[in-house]
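Subject: Structure for your attention

Dear colleague,

Please find the structure below, handed over for your study.

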Amino acid sequence: MKNKKIIIYLLSIFLVTACDNAVTKTRSTFLVKNGNEWNIQIPNSLCAKKPTDTLYYSTIYNPKTKKYQPVSKTIDIETFDLLFNDIEDRKKINNNYYLRYNEGMQSEYYFKDKHYIYIYTCYSQVNSELFIAGSSSDYAVLGGVYLRVENAIYSGGRKIEGADVNTFRTRKETIRKSEWQETIGLDKNYIYINDKPLKSREEFDKIFDDKLFFTDPALREQYFGDG
């Protein structure tokens, strides 16, 4: 009888362990477990005190409820991963400059699971956030660092306020004295460098000169006239 109880006890431990392993199965290196809770780790962020530091987030902001909710109760552990770890999404970046110099776009912290697109955005050491951007059934990689999620456009984790979603597109501009190209955004109203719209001919000329882009006369005329 005693041996039978020991066997039952050992079996119960095995089942609990097996269940726990099934629940905590994950393919993402951006997930770490702290006790019974999951954290999302963000390495090499400009918002860290040191470039080599890693930031940890135990909560995610939900803009719809305007509340922070635990990572463990928000993400789908088994399908959560960096968006650009999806080979089809990586192809749509369509710019080797970003793939080579941004560690496979890991500096752009867009994440995806079977429910949502999650974005990490960094403004300063005291102002960074991990938030739900929208449904993972309604997004598009637009090229370079640009991403559409539902009715919003993002660049480098920052929402481009006022961008026209229906006409937004990207194009590659050749960098002078370089083999690489940089991706810029365009919609019916503006040209965008990262998340910033260019609102005058003077601004266009200065930005393109400072960044050593070849200036496209047709592009300048389209948005600012022929001068």
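Two strands are said to pair if DSSP finds at least two bridges between them. Helices (H or I, at least four residues) and strands (E, at least two) are DSSP runs, numbered from the N terminus. Please note that this is a predicted model, in which local features need pLDDT of at least 70 and side-chain atom pairs count only at pLDDT 80 or more, while totals for chains, interfaces and linings use all residues. Residues are numbered from 1 along each chain as its sequence is written, and side-chain values use heavy atoms, with hydrogens and water left out.

Strand 2 (residues 37-43) runs antiparallel to strand 3, and four bridges join the two. P43 has T54 in strand 3 as its bridge partner.

Where does L83 lie? L83 is in the loop between strand 6 (81-82) and helix 2 (87-91). L83 is buried, with a relative accessible area of 1%, because buried means under 20% relative accessible area (exposed is over 50%, partly exposed in between; 1.4 Å probe, protein chains only). Not counting residues up to four places away in sequence, L83 touches several residues, among them K112 and I117; contact means heavy atoms within 4.5 Å. The C-alpha atoms of L83 and I117 are separated by 8.1 Å, although the two residues are 34 apart along the chain.

Lastly, the axes of helix 4 (residues 201-210) and helix 5 (residues 217-224) come within 10 Å and cross at roughly 155°. Axes are lines fitted to C-alpha atoms, for helices over the stretch in contact, and angles run from 0 to 180 degrees between N-to-C directions. The contact is made by R201, F204, D205 and F208 of helix 4 with L219, R220 and F224 of helix 5.

Yours sincerely
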